[in-house]
Amino acid sequence: MSTTARFEGTDAYIAAPDLRIAVNAAVALERPLLIKGEPGTGKTVLAYELATALNAPLITWHVKSTTKAQNGLYEYDAVSRLRDSQLGDPRVQEVRNYLKPGKLWEAFTSPARPVLLIDEIDKADIEFPNDLLQELDRMEFFVQETGETIRAERRPVVVITSNNEKELPDAFLRRCFVHYIRFPDEETMRSIVGVHFPDIKPRLVSEALKTFYELRDTPGLKKKPSTSELLDWLKLLLVEDVAPEALRETSPNRLIPPLHGALLKNEQDVHLFERLAFLSRREGTRPGG
């Protein structure tokens with residue numbers, strides 16, 4: 001795969017012009033692409049679609065609160081080696097039998113140039129990004145147990161995602177090309193819906209998007225519904241054959257949208273929306289409108 005390959009999005013992923021520019025800039029500069037944005041804006045999916053567009057293997061490293069940078073390099077199972085030595089197992093003569101390659105090792109030694117996804121980096125300890133500076137910058141690391149250096153012969157395309165839950169170190173940010181994905185506007189969202197539901201009726205989409213964005217704009221909402229939740233909701237509307245008119249219903253029995261469990265995942269938000277909807281109904285307006 002050439003570094004001049006261009007990402008223009010895929011049939012399954014609508015990429016805004018500024019996102020396409022960011023991806024191609026990061027690939028050209030051979031710097032990690034740090035994608036920030038609220039959950040549900042397509043950060044993780046971008047790496048999958050980028051790999052598809054560039055016909056490259058995808059290696060995913062999903063970061064947890066307990067993840068350490070060393071996990072991405074390799075892990076040495078000293079306990080198993082000690083146990084095997086006590087049992088007289090001949091495997092102990094080769095230390096490599098007790099090394100478990102991590103995702104960076106896998107990416108650096110991949111036969112084809114891969115896309116490496118480091119997902120939700122802000123979940124880990126604040127030192128985690130700093131501990132990866134040298135490895136991501138030089139694309140190599142030293143294996144203490146064998147005395148060898150694992151070096152990337154084909155520099156992987158690195159995509160790093162962050163939900164913006166904590167600030168990342170300045171030294172780490174300087175080594176990345178940073179892009180913030182804004183939540184899709186209504187026009188972009190309509191295109192996204194069209195990819196997933198090509199035969200859906202335009203009127204149902206229009207009414208659903210109005211309700212969806214009004215709900216997202218409701219003051220005090222703790223967890224705003226994302227793109228994936230909108231798509232789940234639309235799928236349910238189609239399965240249940242809900243009429244577009246039902247989405248604009250303002251009777252006392254329709255204070256919140258039908259099948260709202262696909263959109264509102266927090267009990268506090270349901271109660272909040274019911275209260276706001278009741279007040280809005282009395283005033284003759286829609287909630288969030």
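Mentor: The model is predicted, so local features need pLDDT of at least 70, side-chain atom pairs count only at pLDDT 80 or more, and totals for chains, interfaces and linings use all residues. Residues are numbered from 1 along each chain as its sequence is written, and side-chain values use heavy atoms, with hydrogens and water left out.

Trainee: What makes S1 and S8 a pair?

Mentor: Two strands pair if DSSP finds at least two bridges between them, a strand being a DSSP run of E with at least two residues, numbered from the N terminus. Four bridges join S1 (residues 33-36) to S8 (residues 157-162), so the two count as paired.

Trainee: Why are S2 and S9 called edge strands?

Mentor: The open sheet has the order S2-S5-S8-S1-S9, with parallel pairing. S2 (58-62) and S9 (177-180) each pair on one side only.

Trainee: How do you know which strands helix H2 touches?

Mentor: Contact means heavy atoms within 4.5 Å. Helix H2 (residues 43-53) touches S1, S2, S5 and S8.

Trainee: Which side chains of S7 are called buried?

Mentor: Buried means under 20% relative accessible area, exposed over 50%, and partly exposed in between, with a 1.4 Å probe and protein chains only. Along S7 (residues 148-151), Glu-148 and Ile-150 point to one face and are buried.

Trainee: What joins S6 to S7?

Mentor: Four bridges join S6 (residues 140-143) to S7, and the strands run antiparallel. They form a hairpin with four residues between them.

Definitions and conventions. Axes are lines fitted to C-alpha atoms, for helices over the stretch in contact, and angles run from 0 to 180 degrees between N-to-C directions.
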